[in-house]
Amino acid sequence: MQKQTGKSGGSGGPMPAKRGRPFGSATGSGAAAAAFAVGDAAAPSTLLGPSLQVLTALSDQNNKKIVLALQSGLKSEILWALNALTVLSFKEKDDFRRDATPLAKVPGLLDALLQVIDDWRDIAMPKDHTKPPRVRTLGAKTPLSGFGHENIDKIYSNTTTPSDDQTKTDDSTVTKKRSAGFWFDEEGLFNVDDEGRTEKQQCAVAASNIIRNFSFMPENETLMVQHRHCLETVFQCLEDQNTEDDELITNMLETLVNLAPVLDLRIFSSSKPSFIKITEKRAVHAIMGMLASSIRVWHCAAAELIGRLIINPDNESFLLPVIPQIYKRLVDLLSVPAFDAQAAAISALYNVSEVNMDCRLKLASERWAVDRLLKVVKTPHPVPEVCRKASMIVESLVSEPQNRMHLLVHENTFAEIFTSEGKYSDTFARILYELTARPSNKVTSGQAVWGNIN
């Protein structure tokens, strides 16, 4: 980490402050303010705090080394690779650094990252679960087999220096005793105790954070949505929300939300090799489990995920069987006082209600659905786009004649919003016309029959 000093000179309007560092939080001279206005990549402003210097050619020169380090299983090598990838994959929208490394340009990198997560999940089991003993035959007659510590005293001592009265042996045999602790130092493998499990868990979380960062880059979308092992790992983590690390689940869920617009669930029934045997039905149930979660970040992201998945017509057949459960949960989220939960629910309802007539009929028949949609408009929500989508959902519900009985109860509320001369008066004028002025199909057909009789 290195703190840089800004350079003076240049002109132009001030750039927005970085996330987590509010504008004006640090004091600086006129030169620092000028550097902040210029936004020179070679000289970030002191107002932005310490900045990390990353060489442009770092990723190109170390791509193969990073992949091999992740595959090595050595603690120090994996930690170095994860730290390097965390820096290389991170990029804010207005970041000075423009050399973020796309995953698609590094062969085998995604598989290596998934291997780190799989290594943790292979040992992430209850402590009361014990594996049956397995017969070890490799190296059974050697002084140290590598599978246990039964002969470790013959090779290693507890001290680094031998005692004075230690007898020397022939050079053809083991002539020197080394410290047994060298197996557990930073350069060795991960331990099999609780400390080693914790370290593997931290590595898995770091790998999931890197995968999440990669999912923000458009050039990585095609590779990631066509990688069945990647999607299976993501959905399996969502299935284990009650036992898995919270940060790991959050990273995986955000990855899925980023990939959702181009994700096709039919990949789980394709001919591509499968590692975990995730099916389309299991994937949908994993999403529903996140939607029903009590953690606000998770159920908001799950609602947004459903709204993005339903846009793809190929995913409709997998989501339509659980539409009643989806509507019930989304309507419940509308009653949550948190604005982000309401926005996520409205966004999902807006897309799902446009699928077909059956979806609109089920939404209108859902208890409190229309009432809570109108409450979002009347409050109103701080984001105008959310209010606009809520009013358009009500308009789409009114377009179905079968929903008249459900919506006539709210006629006075529609008129109140219309006469308030707000931004959405035109929308509710059309709603009132559809609800009251236009005759229903039943009335029209009855008039036609009566006309024929006359």
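In which handedness of crossing does α8 pass α10? The crossing is left-handed, meaning that the near helix is turned anticlockwise from the far one by less than a right angle.

## Basis

This is a predicted model, in which local features need pLDDT of at least 70, side-chain atom pairs count only at pLDDT 80 or more, and totals for chains, interfaces and linings use all residues. Residues are numbered from 1 along each chain as its sequence is written, and side-chain values use heavy atoms, without hydrogens or water.

## Chain overview

The chain holds 21 helices and two strands. These are DSSP runs numbered from the N terminus: helices are H or I with at least four residues, strands E with at least two.

Of the 454 residues, 41% are buried (under 20% relative accessible area, 1.4 Å probe, protein chains only). Contacts are heavy atoms within 4.5 Å. Among those with a separation of 6 or more, 70% join residues 24 or more positions apart.

## The α8–α10 pair

Helix α8 spans residues 228-239, and helix α10 spans residues 280-291. Their axes come within 8 Å and cross at roughly 45 degrees. Axes are lines fitted to C-alpha atoms over the stretch in contact, with angles from 0 to 180 degrees between N-to-C directions.

F235, L238 and E239 of α8 meet R282, A283, A286, I287 and M290 of α10.

## Cysteines

The disulfide count is zero, with a cut-off of 2.5 Å between cysteine sulfur atoms. C203 is buried at 4% relative accessible area. C237 is buried at 0%.

Conventions. Buried means under 20% relative accessible area, exposed over 50%, partly exposed in between (1.4 Å probe, protein chains only).
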